[in-house]
Amino acid sequence: MARHRASDLRRGLHREVVQQLGLLVLGNGTAPGAALLDEAALSTRFGVSRTVVREAIKVLAAKGLVESRPKVGTQVRPRRYWNLLDSDVLAWRYEAGPDEGFLKDISEVRRVIEPPAAAYAAERATSDEVADILAWCARMEAAAADDGDDYIDADMAFHTTILDACHNDLLAQLSDTITMALRLSRRLTVSVTGSSLAAMPAHWAVAHAIRDREPEAAESAMRDLLRLTAADIERALHAADRGRD
């Protein structure tokens, strides 16, 4: 039992250091090309062993954020090498302070992926998947007035189920990215009063087109939904700007 607790503690420390290092890189704490502190200094800074720091750096390296070289140390890589669609990288970028460009990028990625996915779902979804899409839409509607986590969770499941219903393994693997992008944008847009309720007709239009096996209508409805989301993001950003003035 003690061994399991020690293992859990180590994993928890590892996750925390990975997150802190990720935020250090994405939060402009260290510019591309600059070196991170050495392992000993990072070990002291985070209060963990050098082994934990070394393992955390390996995670960031796998995500393209840093590279370690003998006699040089660990350096932040140029942005073009970063795995920006990685769900952790998306979360760190948001936590470090999302800007308008970041949210615009999210919206554009969704517009590339999700409308065609809705069309594929209209062609390929099983009857059970169609029932799930409709059920998630109903749960969204029931929670829309509160603009809370229940609505966001149902919204995540709605979009993920549509991607799964494409029966395309590559699209299915994008579900984590889309879900994270959607969650981040929803955290902002729920600050727009009534945005969740206002988005429900667009969600139902997507669900009904998939149910009715109408690919073109499903794709068009998803484009309409994403345009509405983009407009909510703009309103939320402008409201935030006014609040800082």
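His 167 is partly exposed, with a relative accessible area of 47%, where partly exposed lies between buried, under 20% relative accessible area, and exposed, over 50% (1.4 Å probe, protein chains only). The model is predicted, so that local features need pLDDT of at least 70 and side-chain atom pairs count only at pLDDT 80 or more, while totals for chains, interfaces and linings use all residues. Residues are numbered from 1 along each chain as its sequence is written, and side-chain values use heavy atoms, with hydrogens and water left out.

**Loop residues with positive phi**

- His 167 sits in the loop between helix H7 (149-164) and helix H8 (169-173), with helices (H or I, at least four residues) and strands (E, at least two) taken as DSSP runs numbered from the N terminus.
- Although His 167 is not a glycine, its phi is positive, at about 55 degrees.
- Most residues other than glycine have a negative phi.
- Arg 213, in the loop between helix H10 (195-211) and helix H11 (215-244), likewise is a residue other than glycine with a positive phi, near 60 degrees, and Arg 213 is partly exposed at a relative accessible area of 38%.

- Strand S1 (residues 66-69) pairs with strand S2 (residues 73-76) in the antiparallel sense over four bridges, pairing being assigned if DSSP finds at least two bridges between two strands.
- Within this pairing Val 66 stands opposite Val 76 in S2.
- Three residues separate S1 and S2 in the hairpin, and Lys 71 in the turn has a positive phi of about 65 degrees.

**Gln 75 in strand S2**

- Gln 75 lies in strand S2 and counts as buried because its relative accessibility is 17%.
- The side chains of Gln 75 and Arg 69 are joined by a polar contact of 2.9 Å, that is, a pair of N or O atoms within 3.5 Å of which, within protein, one must be able to donate a hydrogen and the other to accept it, residues adjacent in sequence counting only if both atoms are side-chain atoms.
- Beyond its neighbours within four places in sequence, Gln 75 is in contact (heavy atoms within 4.5 Å) with residues including Gly 33, Ala 34, Ala 35 and Leu 65.

**Packing of H7 against H9**

- H7 and helix H9 (residues 175-189) pack at an angle of about 150 degrees with their axes 10 Å apart, the axes being lines fitted to C-alpha atoms over the stretch in contact and the angles running from 0 to 180 degrees between N-to-C directions.
- H7 and H9 are therefore roughly antiparallel to each other, a term for angles over 145 degrees.
- Residues that meet across this pair include Tyr 151, Ile 152 and Leu 163 in H7, and Ser 175, Ile 178 and Arg 186 in H9.

Methods
Parallel < 35°, antiparallel > 145°, perpendicular 65-115°, else oblique.
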